[in-house]
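Please have the sequence and the model at hand while reading the points below.

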Amino acid sequence: MKKLIVGNWKMNGSMEDARVLIANTINSLDAQKEILKKCEVVVCPPFLHIPAVRHAIYGFPELRFGAQNCSAHEDGAHTGEISASMLRDSSCTYVIVGHSERRTLCKETDEEIGEKVKTALRYDLSPIVCVGETQEEREAGQQQEVVGRQLAAALPKLETYHNLAIAYEPVWAIGSGNAATPQDIQEMHAFIREQLKNYSKAHEDIRILYGGSVKPDNAAVTLSIPNVNGALIGGASLKADSFLAIAKAS
Ligand code: PEP
């Protein structure tokens, strides 16, 4: 199974910044093509920058791209939303669903996230479903209960999950510079792997990513933990060198 390395650019930068970042990412990956033997590399720009990224990637299809969110609804009267069918039409292959920033800042519920996963799969997008506990929940020892609940709400029972991935991102590790310890990551990923048996016969094919302050200097250790099948990377994906150094570490 190839590792899945995903850059989440979040709400950063101008159109020109996006053009420069994607050009640097392509050039750097082109110069280190051996990375692609072990990794699938994906970038998720803001919606408005997707056409520029698509244009740049046209001659370099080994690099994939996706979105950071999609609507749970079909096309229609949902002002300000972007549908899964529009993402598919824009050649996205992946979509991040249920990122903790959306759960917290946009009040997305477990149920809504479950609807988004179903809609994304209907349009042949591969959802990257984010789960993870807050600091308070971990201190109360509730991390498995929380992640188990989030998985139960997000995952429909299906024969195949069309390349769906789970991203375990403890909320307290995101953007904080404090990644979870290898032991915490190993325990949670083993728990998630076990849970996945309840949802799909193809559970062994589902990649489980870790996200939360992954940097070039902790990437090799993180990506060698059992059941860590890739990484979701925020801050370090905004520089081509650090993003690809993480991919290379796998
Ligand atoms: C994220 O936002 O998904 C993330 C993991 O961010 P960072 O790598 O900056 O912690």
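1. Basis of the note. The model is predicted, so local features require a pLDDT of at least 70 and side-chain atom pairs count only at pLDDT 80 or more, whereas totals for chains, interfaces and linings use all residues. Residues are numbered from 1 along each chain as its sequence is written, and side-chain values use heavy atoms, with hydrogens and water left out.

2. Backbone atoms at the ligand. Which backbone atoms lie by ligand oxygen atoms? A backbone N or O atom of Gly-175 is 2.7 Å from an oxygen atom of the ligand. For Gly-234, a backbone N or O atom lies 2.8 Å from a ligand oxygen, and a polar backbone atom of Ser-213 is 2.8 Å from an oxygen atom of the ligand. Of the 290 Å² of accessible area that the ligand has on its own, the protein covers 97%; such areas come from the Shrake-Rupley method with a 1.4 Å probe, and for residues only the protein chains shown count as cover.

3. Helix H9. Helices (H or I, at least four residues) and strands (E, at least two) are DSSP runs numbered from the N terminus. The expected span is 1.5 Å times one less than the number of residues. Among the buried residues of H9 are Ile-185, Met-188, Phe-191, Ile-192 and Leu-196. Buried means under 20% relative accessible area, exposed over 50%, and partly exposed in between (1.4 Å probe, protein chains only). The buried residues of H9 pack against strands S5 (126-131), S6 (165-168) and S7 (207-211), and against helices H7 (135-139), H8 (143-154) and H10 (216-223).

4. Asp-184. This residue of helix H9 is classed as buried because its relative accessible area is 19%. Its side chain is joined to that of Arg-138 by a polar contact of 3.5 Å. A polar contact is a pair of N or O atoms within 3.5 Å; within protein, one must be able to donate a hydrogen and the other to accept it, and residues adjacent in sequence count only if both atoms are side-chain atoms.

5. Helix H6. The 13 residues of H6 (residues 110-122) should span 18 Å at 1.5 Å a residue, and the end C-alpha atoms are 19 Å apart, which agrees. Its buried residues include Ile-113, Val-117, Ala-120 and Leu-121. The partners against which the buried residues of H6 pack are helix H4 (84-89), strand S4 (94-97), helix H5 (100-105), S5 and H8. Glu-115, also in H6, is partly exposed, with a relative accessible area of 39%. Glu-115 and Pro-156 are 41 residues apart in sequence, yet their C-alpha atoms are 9.1 Å apart.

6. Positive phi values. Most residues other than glycine have a negative phi. Just after H6, Asp-124 has a positive phi of about 60 degrees, and its relative accessible area of 43% makes it partly exposed.

7. Glu-40. Is Glu-40 buried or exposed? Its relative accessible area is 11%, and it is therefore buried. Glu-40 belongs to strand S2 (residues 39-44), and its side chain makes a polar contact of 3.0 Å with the side chain of Arg-64. Leaving aside residues up to four places away in sequence, Glu-40 touches several others, including Lys-2, Ile-5, Tyr-94, Asn-163 and Arg-207; contact means heavy atoms within 4.5 Å.
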